[in-house]
Amino acid sequence: MCEVLIVGGGIMGLWAAVMAGRAGFTTRLLERWRIGSGASGGFLGALMPHMPDRWNEKKQFQFDALVSLEGEIAELEAATGLSAGYRRSGRVMPIGRAHLREIAHGRERDAAQNWRGPAHQYLWQVGHADEGGWPAADAAPFGIVQDTLAARVAPRNLLAVLRAALDQFPHVQCEEGAEVVSIEPARGRLLLADGRALTFDRLILAAGVASFGFIDGLTQPRRSASGGAVKGQAALFRADVDKALPIIFTEGLYIVPHENGQVAVGSTSESRFDDPNFTDRQLDALLARAIDIAPVLRSATVIERWAGLRPRATGLEPMVGRHPDHERLFVLTGGFKVSFGLAHALARSVVEEIAGGGMNALPESFQCAHHVAALR
Ligand SMILES: Cc1cc2nc3c(=O)[nH]c(=O)nc-3n(C[C@H](O)[C@H](O)[C@H](O)COP(=O)(O)OP(=O)(O)OC[C@H]3O[C@@H](n4cnc5c(N)ncnc54)[C@H](O)[C@@H]3O)c2cc1C
């Protein structure tokens, strides 16, 4: 019997294990294949803020998470001696139409008001693309917006840092190749594909897209499914690009410079697909756009093409916290496109709830109970 059992070894499950370990719970994480074999095992790693206008509790929660992540990662890197490839490199967004420049100017004032961290004021500034071609001047006919809040991390490196951090807790265990086939929250018991039965006091369901099948089975009655998968494709270049350059972001296209001469480009967004792992012409089209916007990529080599399934809750927000029908069941999924910037804060919130505290100011629309009410 362990106090906290976690299903899923992606970014959500690993942060949950770290937070549970810090809280002193005997913890066991079960991963059906290997750590990072789901959506978290990609390489894009953009940590993107919301727009600074029309501020609300969700934006504040995400802002606080993006600000605090830097310190969280630094602490884990110091403890493990590994690097997560994190840098607050900022973001540059080409402005494609004249009227958008006016709107962008308005957001400078919003950022001055809303993007204030405990020790730092983050900026949103309207300017002009320079001669350096990052982005190409003709891709930014009405200038650019540059912000200093966005950051990037190397997802696989961060998973390795988190995994190594777990090894330092004597009371946390991590098991790969352990597929959960059924969960019985009322009995505090689950069954594994290899026939074993394990018992738990509290269970955190962080199985990415697979979470929704479990949630649906445990949520009766309900009118619709709790969530589904949105496929994404991305590519990794080896390129002669300064690792300190900002992320370029425009209309769903991310160009993210990383360490070691690597630049990640993503992502498609596909609600319908045949093969979750296959990359195809949609990725080719995205790469062609990336080369137009960042011409230095024309001479770069693609070293990996990758596809994964993002977990998106029907309520479109992360789905987090105690399930209203099951005292022992806690959900931690639905991070969709922004999991990497939020996972530590969401996981902390779940572990605080398990420990009997509040929910760390978790926005109401993120709470599992709110999602479940909307499904009925
Ligand atoms: C192309 C692409 C680009 C992306 N870019 C970004 C980005 O730039 N920034 C960002 O923040 N997010 C990005 N995302 C989204 C992000 O990757 C996901 O939201 C995030 O990885 C989800 O993490 P997770 O832990 O919820 O799920 P996963 O990483 O999918 O982890 C779930 C784990 O649970 C395991 N599991 C499933 N079922 C079981 C079971 N029955 N028993 C045991 N284990 C089980 C799986 O094997 C998996 O390892 C991107 C996604 C894609 C596809």
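**View 1. Y254 counts as buried, at 13% relative accessibility.** Buried here is under 20% relative accessible area, exposed is over 50%, and partly exposed is in between (1.4 Å probe, protein chains only). F249 is buried too, with a relative accessible area of 18%. This is a predicted model, where local features need pLDDT of at least 70 and side-chain atom pairs count only at pLDDT 80 or more, while totals for chains, interfaces and linings use all residues. Residues are numbered from 1 along each chain as its sequence is written, and side-chain values use heavy atoms, with hydrogens and water left out.

**View 2. F43 and W306 form a tilted aromatic pair, one of six in the structure.** Rings of Phe, Tyr and Trp (its six-membered ring) pair if their centres lie within 6.5 Å; planes under 30 degrees apart are stacked, over 60 edge-to-face, the rest tilted. For F43 and W306 the centres sit 6.2 Å apart, with 55 degrees between the planes. The pair ties together distant parts of the chain, 263 residues apart: F43 is in the loop between strand 2 (27–31) and strand 3, and W306 is in strand 16 (residues 301–313). Helices (H or I, at least four residues) and strands (E, at least two) are DSSP runs, numbered from the N terminus. F43 counts as buried, at 6% relative accessibility. Back to the residues of View 1: F249 and Y254 make a tilted pair as well, 4.8 Å centre to centre and 50 degrees between the planes.

**View 3. W55, F63 and Y122 are linked into a cluster by ring pairs.** F63 belongs to helix 2, where it is among the buried residues, along with F61, L66, L69 and I73. The buried residues of helix 2 pack (heavy atoms within 4.5 Å) against helix 1 (11–22), strand 3 (46–47), helix 3 (98–114), helix 4 (155–167) and helix 7 (339–354).

**View 4. Helix 2 (residues 57–80) bends by about 30 degrees at S68.** The bend is the angle between axes fitted to the seven residues ending there and the seven starting there.

**View 5. Two arginines sit over aromatic rings: R32 over W33 and R312 over F336.** The cut-off is NZ of Lys or CZ of Arg within 6 Å of the ring centre and within 35 degrees of the ring normal. R32 lies 4.1 Å from the ring centre of W33, and the charged end of R312 is 5.2 Å from the centre of the F336 ring.

Note on methods
Expected span 1.5 Å × (residues − 1).
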